[in-house]
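This report concerns a single structural model.

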Amino acid sequence: MKDCDKIRIKIGGESVEADAGATPLELLQSQNKKPDGVIAAKFNGQLVDLKQSLCENGDLEWLTPHDPEGKEILFHSTTHLMAQAVTELFPNAKLAIGPPIDEGFYYDFDVEKPFTPEDLEQIEERMKERSRDRISVERFTLSREEALDYYKKQNQPYKVELIEDFEDPSFSFYKQGQFIDMCRGPHVPDTGYLKHFKLLQNAGAYWRGDENRPMLQRIYGTAAGSKQELKDYLKKLEEAKERDHRRIGADLDLYSIHEAAGPGLIFWHPQGSRVRNTIETFWRDEHYKRGYELVYIPHLLRENLFQQSGHLENYKENMYSPMDIDGIDYYVKPMNCPGHILIFKTHLHSYRDLPIRYAELGTVYRYERSGTLHGLLRVRGFTQDDAHIFCRPDQLEDEINGVISLADFMMKAFGFEYEMYLATRPEKWMGTDEMWDHATSTLRGCLEKTGKPWKIDEGGGVFYGPKIDVKLFDALGRTWQGPTFQLDFNLPERFDVNYIDSDGEKKRVVMIHRTVLGSMERFMGNLIEHYKGAFPGWLSPVQTVVLPITDAQIPYAEDINKQLRAQNIRCDTDLRNEKIGYKIREAEARKIPVMLVAGKREIEEGTVSVRERGKRDLGVMSLEKAFEHIKTVTQIPKSDL
RNA sequence: GCCAACGUAGCUCAGCCGGUAGAGCAACGGUUUCGUAAACCGUAGGUCGGGGGUUCAAGUCCCCCCGUUGGCUCCA
């Protein structure tokens, strides 16, 4: 504590005088206007504990769980509370790390036996007790040596390792009761501030994410500033469950996975295939319009091709074992690029021929570890909406702009918001500085030109080139990896991919790998969750269903069905002997966009009663008008070209 | 692959300390012919994920395997 008498603190535009060494907590108590639930503060831009003495003039800002930083502090303090409970209940537990994460926190422990669900309940109970005890949380500092000494004596090897990895001369610690943890802080003043939390799950996690190191037991939890907010968050988790594409996929009969056939392999049912086909047709049409040529390549390729491409060198652990064909090894392709390059290389290309864009819905197979498989989102066989652009260096900018505009169109067509990232050179890389500089600045320029916000993913590029990643947001605000455009300096070298320039010289082409949907499987999974199964009209597997009220209207319903089908509308009838309410209930459950109800009156008038999914009865319309309405609802997004 | 939990009818789930399997919905048959989110009656449906073991007796206890789920790692 410095010795000075009075300091001036500015709080929310108001200036107050205080004794030097006053704490934010003291200042807070003397304030009449203050936000609810202050748990920490920011002093001159630095995060501070409410109990930290202030000895200089400055600006003070309150932090509550509603501020991103305040939330982080809440999570962090809660994870300390959890660690305290764990060390009380399991005195031999070794502490690893316990950081806040996006929507909660976790702490890794090394314990003799993994935690059981009952353990979690007990830990949560103990946390509540300790919260009621309102144990004061005190900060103190130890020198590097003292800290090492302390943790060695306490037999906490992970903490010792952490300290050894840092250069800092001293480390801050927080003490609450008997529990002490090394931590940068800040933290809440006492455990009474931590009231609303829930432990969510227990999972194994390798120490420092390294599978060669010990597996620790991780407990995940979340916390909130109020009971209601915690409830809301837990409700959101429930909602996410309702949107789960695996559940909806089964309910709507879209696809299945079979133990008998092998995990991670998708079987598309008729209803799912209708959606996928619609997307694929849309995709092909759009690519053709934008100057792509559609190609097909075999699924099985000879070993030497993958040697040349470098896949056997760099990607073998993701490839399936080869099969012997006439004494030669063949591999199922994990990527489409080598095949497209072979097509390109069947001719000598003039600079005038470029750019050449080969697109393919190319199915690839990759080995994924069993524990990572997840419905449609992580599978072992999938179809990429792949394309490779071969161009001259001076065309790079136009090509990237074209790809960005295509991706933008696609994302809008499917109703996704998105965010772009420029992934720059990673630690391991190939090529030259000039190549990387030129390529990276070109990508940056293209991003600037969009006028949309974008971010840098430092070192996130691939070893063979920089890339732009597009992350999309779904209806719940979750992000998914969407389109990705990668520049490749590697394959053109390996395959000697050239064009003849205007000066008659051979020049190396610039190659762009790009996908705008990712893979059909993953994209469909995202779409299902985004729309909760209620696809927009143009994608719906069934767009319209005709519902006769009694058997007497069956011929009329069948006639409407026939007319709509003739107009390429995916129409069904529900001719079962059920009441209309029942049929409507089921049509709603099947998420059919338009329902046409036909009874005695409609036959007499040559009309139909129209009902839209999620809305009520829209009233009676002439058939002509109803068809027009259906056409509007099922309109395929128009290209912006 | 590793850690944990789970696997019972098409789906959602019950089945206690071991005594030989149950509900709702769906399906199927019949009755009913009905106006905007569930008509009524009936019928059928299960190698309890697979294999082995303990036991007079295993859905239940033990072991191995497979799959699923949540994580770790990785990724379209």
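## Basis of the model

The model is predicted: local features require pLDDT of at least 70, side-chain atom pairs count only at pLDDT 80 or more, and totals for chains, interfaces and linings use all residues. Residues are numbered from 1 along each chain as its sequence is written, chains are lettered from A and ligands numbered from 1 in the order in which they are written, and side-chain values use heavy atoms, with hydrogens and water left out.

## Overall build

Chain A contains 19 helices and 33 strands, taken as DSSP runs numbered from the N terminus (helices: H or I, at least four residues; strands: E, at least two). Along the principal axes, its C-alpha atoms fill a box of roughly 90 × 75 × 55 Å.

Of its 641 residues, 51% count as buried; buried means under 20% relative accessible area, exposed over 50%, and partly exposed in between (1.4 Å probe, protein chains only). Among contacts (heavy atoms within 4.5 Å) with a separation of 6 or more in chain A, 68% join residues 24 or more positions apart.

## Nonpolar cores

A nonpolar core is a set of buried Ala, Val, Leu, Ile, Met, Phe, Trp, Tyr and Cys residues joined through side-chain atoms within 4.5 Å. The largest has 62 residues, and those with the most contacts inside it are Ile279, Ile400, Met410, Phe414, Leu517 and Leu527. Helix 12 (residues 396-413) supplies the largest share of this core, 10 residues. A second, separate core of 28 residues includes Ala93, Leu120, Leu194 and Ala223.

Leaving aside residues up to four places away in sequence, Leu517 touches Ile279, Trp283, Asp385, Met410, Met411, Phe414 and Phe523.

## Helix 19

Leu623, Ala626, Phe627 and Ile630 are buried in helix 19 (residues 623-633). Seen down the helix axis, the buried residues fall within an arc of 100°, so they line one face of helix 19; the arc is that of the directions from the axis to the C-beta atoms. They pack against strand 29 (544-548), helix 16 (554-566), strand 31 (594-598), strand 32 (607-612) and strand 33 (617-622).

The face turned away from the buried side of helix 19 carries the exposed residues Glu624, Lys625, Glu628 and Thr632.

## A buried loop residue

Gln156 is found in the loop between helix 4 (144-153) and helix 5 (157-165). Gln156 counts as buried because its relative accessibility is 9%. Beyond residues up to four places away in sequence, Gln156 touches Ala93, Lys94, Leu95 and Tyr151.
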